[in-house]
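Please look at the sequence and the structure below, and then read the report on salt bridges, helix packing and the sheet.

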Amino acid sequence: MIDYESLLSERVKVVKPSGIRKFFDYAATMQDVISLGVGEPDFETPWQIRRAGIQSLEKGKTFYTSNWGLADLRREIARLAMRRYGLAYEPEKEVLVTVGGSEGIDNTIRALVSFGDEVLIPEPSFVCYTPLAIMAGGVPVPLPTYEKDQFKLTPETLRAAITPKTKLLILPYPNNPTGAIMTRSELEAIAGVIRNTNIAVISDEIYCSLTYEDRHACFAELPGMRERTIVIDGFSKSYAMTGWRLGWALGPRELMTQICKIHQFGIMCAPTTAQFAGIEAIRSCDEEVVHMRRQYDTRRRFLVSELRDIGMNCFEPKGAFYVFPHIPDCGLSSEEFCSRLLMEQRVAVVPGSAFGESGEGHVRISYSYSMNHLREACSRIRAFLKTI
């Protein structure tokens, strides 16, 4: 008889399944559910992007690309980084095309983190950072953020967490799940804390095009920070290309060469069809990105207003496409609240505890869904709150 328990890696066994997918998978088995749980655009991938992918298939362009990705795509990504951030990256050895932004994050953590190294992670934040740090042999160190600080990482919190074992800081702004952003001056304060250290930074830019008021600032833009920062981004959110699984990582040649080795042996290359589609996305879809952002902004303002009206204290998000309201003081944990809301009113949202301990007492609601869905969901939430 095989003892599977002893076969499995201890680092994998301690990792809990995603708290997001738990509710999504359960809701998928039920009828008449409004799911506001998954951060996936409800827009179709723009036609010209789909057409480019189709044409690449029709022309038989179905072979491996370079491990680094198609040369034309890397050049377009480098041009995009220059337009967005004023940052110059060499397409040959500083731009890596990945299978979504998630692979870029995973590869970067594995390339940088040795056993026992500490990874600083502002929380609440996306569910992948902590598990990936653990599976790389690192020690995740949560940096709690609070609504009173608009869920932003403060230099005081960062300074207090740094030890001789600190190897990596993750900056996830605009933030999933809170929708918080950090301005250039606030990032400069963070840079001041780590400027004279040997700490590397992952700047997760996957929501960079979804900033609604202030101009988005990238950490790598700041003086002296490019040399220590890996910028992660992708096509999923900006171009409504979640299923295409296409992203990129940018950074200094010395780091990117090592990150590419992990990609090379684990993945080989990102999907060729998606890469041809990505070239077209960057070249011709700026207007579509602006249109989607405007639609999200309308939904954002509607949802914040509605939630406040029905009695949920709601921080106003300035980026991404999530709100992170308080649940009422009703004796329920965030997971119990979400379970009951799903069972009683058929509305699926995600408990704040899925994003770290500091997320408890909140729920994440995505507004990457139609106005009709949001209206009906708010009506059901209003009815649910009357029962508790």
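D106 and R110 both belong to helix α6, where they are 4 residues apart, about one turn of the helix; helices (H or I, at least four residues) and strands (E, at least two) are DSSP runs, numbered from the N terminus. The side chains of D106 and R110 meet in a salt bridge, that is, a side-chain nitrogen of Lys or Arg within 4 Å of a carboxyl oxygen of Asp or Glu. Side chains of opposite charge can pair when their charged atoms come close.

This is a predicted model, in which local features need pLDDT of at least 70 and side-chain atom pairs count only at pLDDT 80 or more, while totals for chains, interfaces and linings use all residues. Residues are numbered from 1 along each chain as its sequence is written, and side-chain values use heavy atoms, with hydrogens and water left out.

A search of the whole structure finds 27 salt bridges, including those in this table.

| Salt bridge | N to O distance |
|---|---|
| D106 and R110 | 3.5 Å |
| E376 and R380 | 2.9 Å |
| R380 and D32 | 3.2 Å |

R380 counts as buried at 11% relative accessibility, D32 is exposed at 55%, and E376 is partly exposed at 34%; buried means under 20% relative accessible area, exposed over 50%, and partly exposed in between (1.4 Å probe, protein chains only). A network of salt bridges links E213, D297, R300, R301, E316 and K318.

Helix α6 (residues 100-112) also lies across strands β2, β5, β6, β7 and β8, running at about 160° to β7; axes are lines fitted to C-alpha atoms, for helices over the stretch in contact, and angles run from 0 to 180 degrees between N-to-C directions. Contact means heavy atoms within 4.5 Å.

These strands are part of an open sheet of 7 strands with mixed pairing, in the order β2-β8-β7-β6-β5-β3-β4, where two strands pair if DSSP finds at least two bridges between them. The edge strands, β2 (95-98) and β4 (139-144), each pair on one side only. Strand β3 (residues 118-123) runs parallel to β4 and is joined to β4 by 6 bridges, and I121 stands opposite P142 in β4.

Elsewhere, helix α4 (residues 47-58) packs with helix α11 (residues 272-284) at an angle of about 145°, their axes being 8 Å apart.
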